[in-house]
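Subject: Handing over a structure

Hi,

Here's the structure I promised to pass on. Have a look first, and then read my notes below.

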Amino acid sequence: MATITLNVNGKKRVVEADPQTPLLWILRDHLDLVGTKYGCGIAQCGACTVHVDGVATRSCSLPVSQIGDKEVTTIEGLSQNGDHPVQKAWLEHDVAQCGYCQAGQIMTAAALLKRNPNPTDADIEDAMHGNICRCATYLRIRAAVRTAANSTI
Amino acid sequence: MCHLPENPGSGTHRRQFNHLTLFLMTRAKTTINRRSFLKATAMAGGGLMLSFNWLAACKAPSGDEMLDMPDEWFDLNSYIKIGNNGVVTLMSPNPEFGSNVKTSMPMILADELDVDWKKVIVEQADFYPERFDRQFTGGSMGILLGWKPLRTAGATARQMLVNAAAQKWNVPASEITTEAGVLYHKTSGKSAGYGEMASLAAELPVPEEVAMKQLSDFKIIGTSRKNVDGKKIVTGQPLFTLDYKTEGMLIAMPILPPFGMTVKSVDDSAARAMPGVKDVFTIKVLPDGYEQNAFDTISFPEMVVVVGNTTWEVMNAKKAVKVEWQLLDERAFDVQSWGGKQKVVMPKGLESTSAHRAWMAEAARGKAQVLRRDGNPEAAFKSAAKVLERTYTAPHLAHNTMEPVNCFAHVTEDKAELYAPIQAPEFIRRTLAARLGMPQENIHIRLARMGGGFGQRAYGHHLVEAAVISQKVKAPVKLVYTREDDMTYGIYRPTYTATYRAALDKDGNLIAFHVRGGGIPEHAVHANRFPAGAVDNYLAEGWSLPSNITIGAFRAPRSNFIAGAEQSFLDELAELAGKDPIDFRLELLERAKKNPVGKDNDYDPDRYASVLKLVREKSNWDQPPSGVGRGVAAYFCHNTYVAEVVDMRMEGTNPVIENVVAAVDCGIVVNPDAARNMGEGGIIDGIGNALFGELTFKDGVPEKNNFHQYRMIRQKETPRNVEIHFVQNEHDPTGLGEPLFPPIFAAVANALYRATGKRYYEQPFAKHIAVSPAMM
Ligand code: FES
Ligand code: FES
């Protein structure tokens, strides 16, 4: 057990936990930020994607001890009112079916657009390829990323 | 055993609706869902005020604007509450697993109630069989079976509001009209919002019979409305059981044996000493001698569970528990199923896929049950000019819903509270009652949004397990399966095979057709489906072999294999007959229409032909783009007709799907954009399973347990484009969750043939073409 200080969604958070605990479980079990999802635990599905200093990161495979003072952003902190261009595009295309994978998809897309505001179709497919959606909403995800890109340039 | 029939309440081999009659419902007796009016009648004379504190501020699903909450709510029936300010709460009865019933079912209520969708709040109903009919999601039956009860509930509440206004204004009810939540009396110029009449309406008797809208009067049905939970999903709000937490809640996780084995001994000494661990013990899932129903499938009669404070601590402790397994004896038991009891045998031993294949090859040559026989197939085969015989196989599949199996339970002395991802709550409550030793009424099941279901969540073992664990540790518990547990628990899509034979005369006419299907532990033959009825000499046979690897419903059970096999075979047969694959099918359908063979044919040839014609037109079938291999398939299951065309191009050894065009006849489309979403999902999920889906076993152990081994379709393998076209008609709506899935397996196989020159008979197809590994 260790006392760990984190910067999550712009707030300082202190948790008591095993330093090896993946960030995913710190968020979900300790901080009650359950928007970030568990899908595989081995960095294969993208459901747990958060931003660490703005970079899309699989929180299931990142021990909390390695974060230090980097800024962690979760789906709950992506925007104040759920109005990030990616979130708006997701609603416009009514992307979700079951919805379980979508927080991870949105976080991956938002990180993509931050580093590459005008992605090609190939860039979008590359960036989104790591996120599994069993409901197979992939077409709408693609279209929503395009819409979000167009709305931000 | 245990697959989901397409029409629950009848035998598994029951015929499907031959002709869904054009049902222009104008008046309906309200007694058909009398249960939903209990509340209203019980409080007649008093009126009921419900305080919904948690709805103090709420957003309408359709927009960002905040709705002002009323001071009082009035229950008009189980589905509908109206606030004194005109805001309406509609209860969505069925569990939501992504097919969007939580939006489409309230749309049906709202349209008949005649309210403004912007003034509607949708709530998920708890499992409450005293109030709601059939709270079950599966078999693509939600909208089909909900259509009439929901319309009736909406129209009845509207009529009660009309009657209240008639009483208050002292005018005949027949002179009152409604529009968007407002009552009007034209002659006197009076008008009032529903909210003003709700208190009086709630006291009035429920009318015996009510008028329904004409289809042309629908204002909400047939228009695209967005997912009522959309905003919550994109902002990461807790919607799933896995997100649920209560004070003092513990986390429990299972340790699962290989198939065919159970617990012999447990050494938990190391695990018990680990941080956060509360207990380690073994549970028995079902009571001794309990007669299971079709959704009580359990893979392991006993399981070791670790209980602790946090997920990570319990996950680690699991690894430190040493369990010794021992072989289970053969198990044989009856399962209550639709159409009576079914005997299930689970043999002793550790099974492997290699052995399954050898058993199936042998059984394919052995005895089979004749399921249907028309004419004299043997003689026809003897006289044939050409005979084609082909065998198709497909492996076990894991559901791999993105939310792994989990359940919350809090069991106290005399009651149980569950918050569960479950498609079929009514079946499991009975089992819970038997296992916990308490009456069913004391068991309350709240229905969570499910992170996917696909049939797997119809089986409620996780509810029983969570409840048993909670009862034992005397605390609220959330049972969580890891991805590995989820993928290795069982309840898989079975492995199947089918051999087709067909005879052509010298003019290329189909004179005999023979299907012989088998599987472990069920076959997938639907004897009365097309092309039965279209050929004089026809034979359908089935056989199955027992297994201790459990199986269950998986998106379009049985159809998900047999459609691919049959429609691939017909493609090859058309080629042998020298005919265009669409023309060939249309000729057979014409025959089935004009001069059908037999009486039990499970399809309407006209509706079947209409989707083929529509897909021919929309895909521009006669002029395929150059460099593209084009495959077609059509199928009818779950009361919906589908035809699909796949355009494929090979990029090296990788199949690239440029375009998919689907034509669908599911009757009235309630929510068109959401229906398209569901259809796209069925198509893309089907392409993924056709190319990559496979679970194999070695000595009772699944050889894949997570997504590094189990390949799922991802973004880059997704078609460039998918188009879905609906046949416009006025048939009652049928389901969409499943029907687009089965035919795509064949459309892919047929396109692969045209793109590569090779036919593919064994799923998953990517094994036989050097498709590059998924980039993770
Ligand atoms: S849960 Fe982290 S990638 Fe799947
Ligand atoms: S929406 Fe269900 S897994 Fe993506």
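Below are some notes on how to read the model and what turned up in it.

First, the housekeeping. This is a predicted model, where local features need pLDDT of at least 70 and side-chain atom pairs count only at pLDDT 80 or more, while totals for chains, interfaces and linings use all residues. Residues are numbered from 1 along each chain as its sequence is written, chains are lettered from A and ligands numbered from 1 in the order in which they are written, and side-chain values use heavy atoms, with hydrogens and water left out.

Let's start with chain A. It has 5 helices and 5 strands (DSSP runs numbered from the N terminus: H or I of at least four residues for helices, E of at least two for strands). Along the sequence, the order in chain A is β-β-α-β-β-β-α-α-α-α. Of the 153 residues in chain A, 61% are buried (buried is under 20% relative accessible area, exposed over 50%, partly exposed in between, with a 1.4 Å probe and protein chains only).

Next, how chains A and B meet. Chain A brings 53 residues to the contact and chain B brings 64 (contact means heavy atoms within 4.5 Å). The area buried between chain A and chain B is about 5,100 Å², with 56% of that from carbon and sulfur atoms (buried area is the accessible area, 1.4 Å probe, that two parts lose on being put together, summed over both). A:Gln97, A:His129 and A:Arg134 supply 18% of what chain A buries against chain B, more than any other three residues.

Chain B also has some backbone details to look up. The peptide bond from B:Phe530 to B:Pro531 is cis, with omega near 5 degrees, and B:Pro531 lies in the loop between β27 (510-520) and β28 (537-544). Another cis bond joins B:Gln763 and B:Pro764, with omega about -5 degrees; B:Pro764 comes in the segment after α17 (741-756).

Two residues other than glycine have positive phi: B:Ala556, near 60 degrees, and B:His638, near 50 degrees. B:Ala556 is in the loop between β28 and α13 (559-576), and B:His638 is in the loop between β29 (629-637) and β30 (640-651). B:Ala556 is buried at 0% relative accessible area, and B:His638 is buried too, at 0% relative accessibility.

Cheers
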